[in-house]
Amino acid sequence: MPLPTLADLSALIRHRRSIKPTDLDPSRSVAQELLCQILEDATWAPNHGLTEPWKFHVFQGNARSLLAQKLQNAYREITPPSEFREDKYIKMGENPRLAPVVIAAILERHGGGGKIPEIEEIEAVASALQNLQLSATAAGLGGYWSSPPVLDAPTFRAWLGLRDADRCLGLIYLGWPRPGLAWPRSQRRPLVEKVVWHHAELDS
Ligand SMILES: Cc1cc2nc3c(=O)[nH]c(=O)nc-3n(C[C@H](O)[C@H](O)[C@H](O)COP(=O)(O)O)c2cc1C
């Protein structure tokens, strides 16, 4: 099978945008076969020592309502009453019901963490999630990576069956863009601000 050209790959990378659940079509489901391909692509990310430090909990159908309820309960649990925001609480209940698929991405430290430092395993999961988002983009799906503090709440962790060394690093909302959605634009600062070029002639 021919590889995509660099131009095609660059176009795909730059086309990927964070699409919020309110901009997804809640009536259109995502085929299981497509989800499996996207998840499989995620697992082809680089990972030091081939530890594959990831686990994906995929919520669809009514399971999304349970997820929403758990997120709301966790928010209540960890938020001091003076900081509690009703709008955030409501959004936590709505978002999982607006996206047809929500994936909780887990950093799973096999054997409770071994020779590979935790930071490298987090980096591997982040690479996997970028793979996942790019595959989803190529399929025409929209979605975004959400990382609310409630993911670290004790009851939420327990509900996902996380052990001490594991962490939920994000919720990936996925779905088909709603009809008529104007694909969001974004920008990045110029490369010159972010790259330091070293040339041999400067070495002496
Ligand atoms: C680790 C990580 C966590 C993120 N968490 C959130 C989040 O909690 N809420 C949110 O609105 N966006 C979140 N995002 C998405 C960013 O806001 C988004 O990538 C950024 O605005 C750039 O937009 P783009 O994805 O369309 O390029 C997260 C992204 C990453 C990489």
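Me: What is the relative accessible area of Trp 159, and how do I read it?

Reply: A residue is buried under 20% relative accessible area, exposed over 50% and partly exposed in between, using a 1.4 Å probe and protein chains only. Trp 159 has a relative accessible area of 27%, so the residue is partly exposed. This is a predicted model, in which local features need pLDDT of at least 70 and side-chain atom pairs count only at pLDDT 80 or more, while totals for chains, interfaces and linings use all residues. Residues are numbered from 1 along each chain as its sequence is written, and side-chain values use heavy atoms, with hydrogens and water left out.

Me: How many aromatic pairs does the structure hold?

Reply: A pair of aromatic rings is described by the distance of the centres and the angle of the planes. Rings of Phe, Tyr and Trp (its six-membered ring) pair if their centres lie within 6.5 Å; planes under 30 degrees apart are stacked, over 60 edge-to-face, and the rest tilted. The structure holds 5 such pairs. In one of them, Phe 59 and Trp 159, the centres are 5.6 Å apart and the planes at 20°, so the pair is stacked.

Me: Where do Phe 59 and Trp 159 lie?

Reply: Helices (H or I, at least four residues) and strands (E, at least two) are DSSP runs, numbered from the N terminus. Phe 59 lies in strand 1 (residues 54-59) and Trp 159 in helix 6 (residues 154-160), so their pair ties together parts 100 residues apart in sequence. Phe 59 is buried, at 8% relative accessible area. Phe 156 and Trp 159 form a tilted pair, 5.8 Å centre to centre with 45° between the planes. These two are 3 residues apart in helix 6, so about one helical turn separates them. Phe 156 is buried at 1% relative accessibility. Phe 59, Phe 156 and Trp 159 form one aromatic cluster.

Me: Which ring does the charged end of Arg 28 sit over?

Reply: A charge sits over a ring if NZ of Lys or CZ of Arg is within 6 Å of the ring centre and within 35 degrees of the ring normal. The charged end of Arg 28 sits over the ring of Trp 176, 4.3 Å from its centre. Arg 76 lies over the face of Tyr 89, 4.6 Å from the ring centre.

Me: What lies 2.7 Å from a nitrogen atom of the ligand?

Reply: A polar contact is a pair of N or O atoms within 3.5 Å; within protein, one must be able to donate a hydrogen and the other to accept it, and residues adjacent in sequence count only if both atoms are side-chain atoms. A polar side-chain atom of Ser 147 lies at that 2.7 Å from the ligand nitrogen.
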